[in-house]
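Hi everyone, thanks for coming. Let me put the sequence and the structure up on the screen, and then we can walk through a few places together.

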Amino acid sequence: MRFSKAFIYTKKEAPSEATLPSHKYLIRGCYIQSVGAGLYNFLPLGKRVLDKIRNVAKEELDKAGCLEVDLAFVTPLELWEQSGRVQKYGKELLKFRDRKDNSFVLGPTHEEMMVNLVKSYVNSYKQLPINLYQIKTKFRDEIRPRFGLLRGREFLMKDGYSFHSSTEDMKREFDLMEKTYSNIFRRLGLDFRIVEADSGAIGGSGSKEFMVLANSGEDTLVICTNCDYGANIEAAKRAKRKAPLVANEEEAVSMTFGKFHTPEVKTIEQLSEFFHINPFYTLKIVAKKAIFEDGSSKVVLFGVRGSDDLQEVKALNAIDGAIDLEEVSEEELKEAGFEPGFIGPKDLPKDAILIVDKELENERLIIAGANEKDYHYVGLNLNDLDLEYKDLVEVKEGDICPKCGGVLKFSKGIEVGHIFQLGTRYSEPLDAKFLDENGKLKPFIMGTYGIGISRLVAAIVEQHHDSKGIIWTKESAPFEVEIIISNIKKEEENKAGFEIYEELIKEGIEVLIDDRKERFGFKMSDFELIGIPYGIIVGKKIKDGIVEIVDRKTLNKEEVKLQDVVEKIKGYLDR
RNA sequence: CGGAGUGUAGCGCAGUCUGGUAGCGCACCUGGUUUGGGACCAGGGGGUCGAAGGUUCGAGUCCUUUCACUCCGACCA
């Protein structure tokens, strides 16, 4: 491809709203154009990168036996009502009506459609397992799109769905997909980590996320410094925290049950000061308003150690049927019959919902609110109360790994893939069943697997760039080599440049030749911005039969004889 | 949805306080010089100043309404 005909118009300045390197460089390098909140046009360069990534994904998936399909983008709202996800997705679903007044949604994901498709063709266990996928534009009306391609409203996603006759077989496929996804991200040259994740709006159990490690990532990952344990903070676990070995420990342990007058002592901080005790021994109650699928709401309570914080996603999952948790005001708390600042597990109103973190199970010596203004209980034995325990705590840096006992640390990541063990979450409500070996009707056991293809474009840049621009990895680069003719008016340079160009094309190498009437420096800085892995500079030294190969990553230049340059490049490209 | 801010040429911005011929840089077009690190000279094209209404002899500028976008937060496979 000739640069002069390639629709590449680089910019010196990025739009002021672009804050991340990927956003800035992709716009400056003429890969994408912004058209509105979370909407982008892919320009010829960007489209090439997108196709590269897409092809890597397709090759690996096909190798693993997956079948590509392409489902309708516009899907009947009815399907979403059947699966019960209209409420759960809420306003992120873009709904609209056609001229006949039928309701549709723009697909944000395609579980419903896919289940519907499969159930109309597959009736027998003999047809299983199958794994269907598509690489298709999705639309989610995000509340706040940002960070360029990392969080757009319209984006390209690979979504795959597998159908099985047994849970064991589904798990086998899940493991296969984990391997396949790893191959895809490895081929793309990414430094990534597989972590345990929350299943979110998709539902189901057992899910893993593929995280590209980058400082600009929106997700916080908890990673063990000793073993391979990793989890999204929303799902991270830790070894149970031990009591701190402090001077007043004995005092804490020796406390006997009683009610204490604690005027105006409302926060954990005040409480631990008042009793001169580590917050570890106190019970913190966090109140939230749970929103349910039918639109109703209720104030719910969560109990964690005073020294811990509540993990909101875990909290949400702990409440059956809740789709959201909101903040509660003091007034709402009082209306619901609670005493703000003095809420505790004992003597709660009868219909109150309280979930307590499971690390507190069997704890005997705790200070907690008495549900009465200006009073707390001390020496409370939680075993005396009939409480419900679930995992609620947010893991902190320095906590202990649940797997190996090593120390946990935080890292930032960009989610580029997510695989789920779905079970019958969709097949059951959508009545998708098959006949098993015994002639019994059973719902499909499913898995679902996603890769953010357009997000990967940005994720690669986030991980592979420098102060001058993008540094594409070999399998993601829009071209493999760029030939830079220093001065196109010099017949010798021009001729040699195009000779190399033709030879590389003959070798099946994707090459861009900068044949523009521009100065050397201008072309070099475009080369650095655009980020093609290797450059071949044809300039002054051509009269001695010498050209240079530039490595975009290191910016080192190497002098090479004209007749050797093609072989040399082939070597660098592993051809 | 809460807080903050911005809409002026394709992009980045000034001009708005204090109303009086719509500007600068980049990019673009023409000619010339230059040619290994974002050149220079000369000439040129391009704007319903986000939209609607109002005040005024006169509005990019003042008033009202409205739309869009961005940032922080809440939110979010």
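Let's start with a question: is E548 buried or exposed? E548 is buried, at a relative accessible area of 14%; buried means under 20% relative accessible area, exposed over 50%, and partly exposed in between, with a 1.4 Å probe and protein chains only.

A quick word on the ground rules. This is a predicted model, where local features need pLDDT of at least 70, side-chain atom pairs count only at pLDDT 80 or more, and totals for chains, interfaces and linings use all residues. Residues are numbered from 1 along each chain as its sequence is written, chains are lettered from A and ligands numbered from 1 in the order in which they are written, and side-chain values use heavy atoms, leaving out hydrogens and water.

Back to E548, which sits in strand β30; helices (H or I, at least four residues) and strands (E, at least two) are DSSP runs, numbered from the N terminus. Leaving aside residues up to four places away in sequence, E548 touches G535, I536, I537, K541, K557, E558 and E559, where contact means heavy atoms within 4.5 Å.

E548 also belongs to the closest residues around RNA strand B, along with T109, R144, E415 and E528.

What about the bases? A polar side-chain atom of R519 is 2.8 Å from a base oxygen of RNA strand B, and one of K557 is 3.0 Å from a base oxygen. For S486, a side-chain N or O atom lies 3.5 Å from a base nitrogen. Of the RNA atoms within 4 Å of the protein, 45% belong to sugar or phosphate and the rest to bases.

Last stop, helix α14, residues 565–572, where V565, V566, I569 and K570 are buried. They lie on the same side of α14 because they cover an arc of only 135° around the axis, taken from the directions from the helix axis to the C-beta atoms. Their cover includes β30 (546–551), the strand of E548, as well as α12 (491–506).

Just after α14, D574 takes a positive phi of about 55°.

Note on methods:
A residue is near a molecule or strand if one of its heavy atoms lies within 4 Å of it. A polar contact is a pair of N or O atoms within 3.5 Å; within protein, one must be able to donate a hydrogen and the other to accept it, and residues adjacent in sequence count only if both atoms are side-chain atoms.
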